[in-house]
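Dear colleague,

Please find the structure below, handed over for your use. My findings follow it.

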Amino acid sequence: MSVPLAWALLLLAGLLDVAWAGAMKLNEGFTRPGWSLVSLLLLAALVAALGQAVRVLPVGTAYAVWTGVGAIGTAVLGLVAFGESANPARLLCLGLVAAGVIGLRLTEG
């Protein structure tokens, strides 16, 4: 697998993580069977994509980028879909996480 493909799979894993978190919110503690099944399928897909990416990328970098993409995406999902707080301090902190993810991408092969 090429390095660019590994990075694409890592980004996909991060986006699947966001979808998984949203499905977890909607499954209401696994009390809604449909959303519970969606949650489990998304979890399996994100782990598969992450697992393929770490075959090529350093695990520390891959894990940090995956969690960063997931954290930023999930926070944005919370703002947009679930009406969570968008105060300036929170947005600044999300920007710092984004800067870290971008920095890791720029310093890895």
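Which residues have the most contacts inside the largest nonpolar core? They are L10, L57, V65 and W66, in a core of 18 residues. Helix 1, helix 2 and helix 3 each contribute at least two residues to this core, and helix 1 gives the most, with seven. L10 touches L50, A53, L57, A62, V65 and W66, leaving aside residues up to four places away in sequence. As a general point, nonpolar side chains in soluble globular proteins tend to be buried together.

Please note that the model is predicted. The protein chain has an average pLDDT of 93, and 99% of the residues score at least 70. Confidence is highest in helix 2, at a mean of 97, and lowest in helix 4 (residues 88–107), at 89.

Overall architecture

The protein chain contains four helices and zero strands, in the order α-α-α-α from the N terminus on. Its C-alpha trace spans about 40 × 35 × 15 Å along the principal axes. Of the 109 residues, 28% count as buried. The chain exposes about 6,100 Å², of which carbon and sulfur atoms supply 75%. Among contacts between residues at least 6 apart in sequence, 67% join residues at least 24 apart.

Nonpolar surface patch

On the surface, M1, V3, L5 and V56 form a nonpolar patch, with about 290 Å² of accessible area together. One of these residues, L5, lies in helix 1 (residues 3–26). L5 counts as partly exposed because its relative accessibility is 43%, which falls between the limits of 20% and 50%.

Salt bridges

A search of the whole structure finds two salt bridges. In one, E28 pairs with R32, and the closest N and O atoms are 3.8 Å apart. Both partners are partly exposed: E28 has a relative accessible area of 48%, and R32 has one of 35%. In the other, the side chains of R90 and E84 meet at 3.4 Å, N to O. R90 is partly exposed, with a relative accessible area of 28%, and E84 is likewise partly exposed, at 35%.

Two individual positions

Is S36 buried or exposed? S36 has a relative accessible area of 8%, and it is therefore buried, the cut-off being under 20%. This serine is found in helix 2 (residues 33–53). Beyond residues up to four places away in sequence, S36 touches N27, F30 and T31.

Where is V54 placed? V54 sits in the loop between helix 2 and helix 3 (59–82). With a relative accessible area of 30%, V54 is partly exposed. Not counting residues up to four places away in sequence, V54 touches V59 and A62. A62 is also among the residues that L10 touches. V54 and A19 are 35 residues apart in sequence, and their C-alpha atoms are 21 Å apart in space.

With kind regards

Note on methods:
Residues are numbered from 1 along each chain as its sequence is written. This is a predicted model: local features need pLDDT of at least 70, side-chain atom pairs count only at pLDDT 80 or more; totals for chains, interfaces and linings use all residues. Side-chain values use heavy atoms; hydrogens and water are left out. Buried means under 20% relative accessible area, exposed over 50%, partly exposed in between (1.4 Å probe, protein chains only). Contact means heavy atoms within 4.5 Å. Patches are made of residues with over 30% relative accessible area and no salt bridge: like charges are joined within 9 Å, nonpolar side chains (Val, Leu, Ile, Met, Phe, Trp, Tyr) within 5 Å. Accessible areas come from the Shrake-Rupley method with a 1.4 Å probe; for residues, only the protein chains shown count as cover. A salt bridge is a side-chain nitrogen of Lys or Arg within 4 Å of a carboxyl oxygen of Asp or Glu. A nonpolar core is a set of buried Ala, Val, Leu, Ile, Met, Phe, Trp, Tyr and Cys residues joined through side-chain atoms within 4.5 Å. pLDDT is the predictor's confidence in each residue, from 0 to 100.
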